[in-house]
Amino acid sequence: MHLVFAHGSGQVGRDAFPQQATAFPDAEFPVLAGYGDDGPTVGDVAVAAQSLAMRGAEADGVVGVGYGGVIAAMAACMEQPAALVLIEPALFQLARGRPATAALIERVEPLYLDAARSDEDFGQCLVHELEDWDPTARVSPDGLRWSRRSRLHGAPWRHPIDTGCLAETPMLVLTGGWRTEFEEVAAALVELGAQHEVLGGDGHRVTEHPACSERIRAFVESV
């Protein structure tokens, strides 16, 4: 099965999907723009979406996790994939009218608008305000680069998503059942026609759930 996986803001490429790299030996695990050896830039998200769209057009399906779920959704609106699997996607723009998501955006939006903050301060405040919803997001020796990239790539809800395109795409959304915001995003995707399953016990790291790879395989084969 030829799938293309889009990582989130923590580990990248194949390292972000250890279980799936074994389960899907023919899959692609590209390192998205801004996460490789080159420094991050403002245009990385659009470049990553375009690249993912081209890869996904020839694949059996596209899988995106976290911020990679935003990029995967953007790519799906450029070239419709045969199947789209979104794992804890940061598609908060689809649920911004729901209470928990609205509160999240209200807390975090000012950080992105405050140009006077240093990258280090931005990263520390971002992790604090997000209440560690991504356990890989830390201001550490590599934290300045993560912080700079997060700032340049922008808040995930700032990227426009064509809901009409998503509604025409076979979708599965997998969540961990641990944060209301992600469940609200899943509910918004269900309204667009997605199937939704909760794989609990691993928090944001749903890709590490023992049943995750099989759920992906079964859905892609079903469409």
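**Exercise 1.** Work out how the axes of helix 4 and helix 5 are arranged, given that they come within 10 Å and cross at roughly 170°.

*Solution.* This is a predicted model, where local features need pLDDT of at least 70, side-chain atom pairs count only at pLDDT 80 or more, and totals for chains, interfaces and linings use all residues. Residues are numbered from 1 along each chain as its sequence is written, and side-chain values use heavy atoms, leaving out hydrogens and water.

Step 1: recall that helices (H or I, at least four residues) and strands (E, at least two) are DSSP runs, numbered from the N terminus. Axes are lines fitted to C-alpha atoms, for helices over the stretch in contact, with angles from 0 to 180 degrees between N-to-C directions.

Step 2: angles under 35 degrees count as roughly parallel, over 145 as roughly antiparallel, 65 to 115 as roughly perpendicular and the rest as oblique. Helix 4 is therefore roughly antiparallel to helix 5.

Step 3: find the contact (heavy atoms within 4.5 Å). Helix 4 brings Arg 107, Val 108, Leu 111 and Tyr 112, while helix 5 brings Phe 122, Cys 125, Leu 126 and Glu 129.

**Exercise 2.** Now classify the pairing of helix 4 with helix 8.

*Solution.* Step 1: their axes come within 8 Å and cross at roughly 120°. Helix 4 is therefore oblique to helix 8.

Step 2: look at who touches whom. Pro 99, Ala 100, Thr 101, Leu 104 and Arg 107 of helix 4 meet Thr 180, Glu 181 and Glu 184 of helix 8.

**Exercise 3.** Find the contacts of Leu 52.

*Solution.* Leaving out residues up to four places away in sequence, Leu 52 touches Val 4, Ala 6, Val 62, Ile 71, Ala 72 and Ala 75.
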